[in-house]
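Take a walk through this protein chain, from its overall make-up down to two local packing arrangements.

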Amino acid sequence: MNTQLTEALVAILYTVGEGGIHESELLEVLNIEQKELNKLIDSLHIPGLVIEHYGQSYMLATQKETAPFIESLVLNHNSTKLSQAAMEVLAIIAYNQPITRGDIEFIRGVNSDGPVKTLIAKGLVLSKTSPTSRAQHLHTTDLFLNVFGLSQLDDLPTTDEDDEEIEQFFKNLTNQKGE
């Protein structure tokens, strides 16, 4: 495998950070085809790190074996915790997107501007304008998928899922709150 491409891939993923890079942009920057990118990723070994593919984005992530150390770091930083209200709003957005702030307030019965702003600031949610509506529509981001270990939104647990799987997902949500 081309060493220069390998180094470029790592440098790009490091540079773009936790937001990752869209697949089409990565292919264009590296000037390679999907098949070659897959080979490049498969051959790459960086101690403590892996290349993850969430949605249409690629990013550097930590290996699962480092999770206890990363969790300890994250749980010790107050700025990473989400409030109960933010977790509720995030769940509403994830399951009902695209959704407006007004719709969220209708579902929750209270003003949700604060939690929405927090989720946008943390990069878990983004607001998009719609040509058919004056309201901003909220969507989860690829970072949301990454944080909750999902490849796509279809992986969200549903009532059809096994109770254990749903319990594990919501346990991960609780961990994001730092409890």
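A residue counts as buried when its relative accessible area is under 20%, taken with a 1.4 Å probe. By that cut-off, 32% of the 179 residues of the protein chain are buried. The model is a predicted one. The chain exposes about 11,000 Å², and carbon and sulfur atoms supply 51% of that area.

Next, the secondary structure. The protein chain holds nine helices and five strands. Read from the N terminus, the order is α-β-α-α-β-β-α-α-α-α-β-β-α-α. Among contacts with a separation of 6 or more, 50% link residues 24 or more positions apart.

Now the sheet. Three strands form an open sheet in the order β1-β3-β2, and the pairing is antiparallel. The edges belong to β1 (21-22) and β2 (49-54). Each has a single partner strand, so one side of each lacks a neighbour in the sheet. Strand β3 (residues 57-62) runs antiparallel to β2, and six bridges join the two. Within this pairing, Tyr 54 stands opposite Ser 57 of β3. Helix α1 (residues 3-16) packs on the sheet and touches β1, β2 and β3. The direction of α1 makes about 85° with that of β3.

Finally, a helix pair. The axes of α2 (residues 23-30) and α3 (residues 34-43) come within 10 Å and cross at roughly 90°. That angle makes α2 roughly perpendicular to α3. From α2, Glu 23, Leu 26, Leu 27 and Leu 30 take part in the contact. They meet Gln 34, Leu 37 and Leu 40 of α3. The residues of this contact comprise five nonpolar, one polar and one charged.

Notes. Residues numbered from 1 in each chain as written. Predicted model: local features only at pLDDT ≥ 70, side-chain atom pairs only at ≥ 80, totals over all residues. Heavy atoms only, no water. Helix = DSSP H or I, 4+ residues; strand = E, 2+ residues; numbered from the N terminus. Buried < 20%, exposed > 50% of the residue type's maximum accessible area, 1.4 Å probe, protein only. Contact = heavy atoms within 4.5 Å. Areas by Shrake-Rupley, 256 points an atom, 1.4 Å probe, with all protein chains shown as cover. Axes fitted to C-alpha atoms, helices over the stretch in contact; angles between N-to-C directions. Parallel < 35°, antiparallel > 145°, perpendicular 65-115°, else oblique. Nonpolar A, V, L, I, M, F, W, Y, C, P; charged D, E, K, R; others polar. Pairing = 2+ DSSP bridges.
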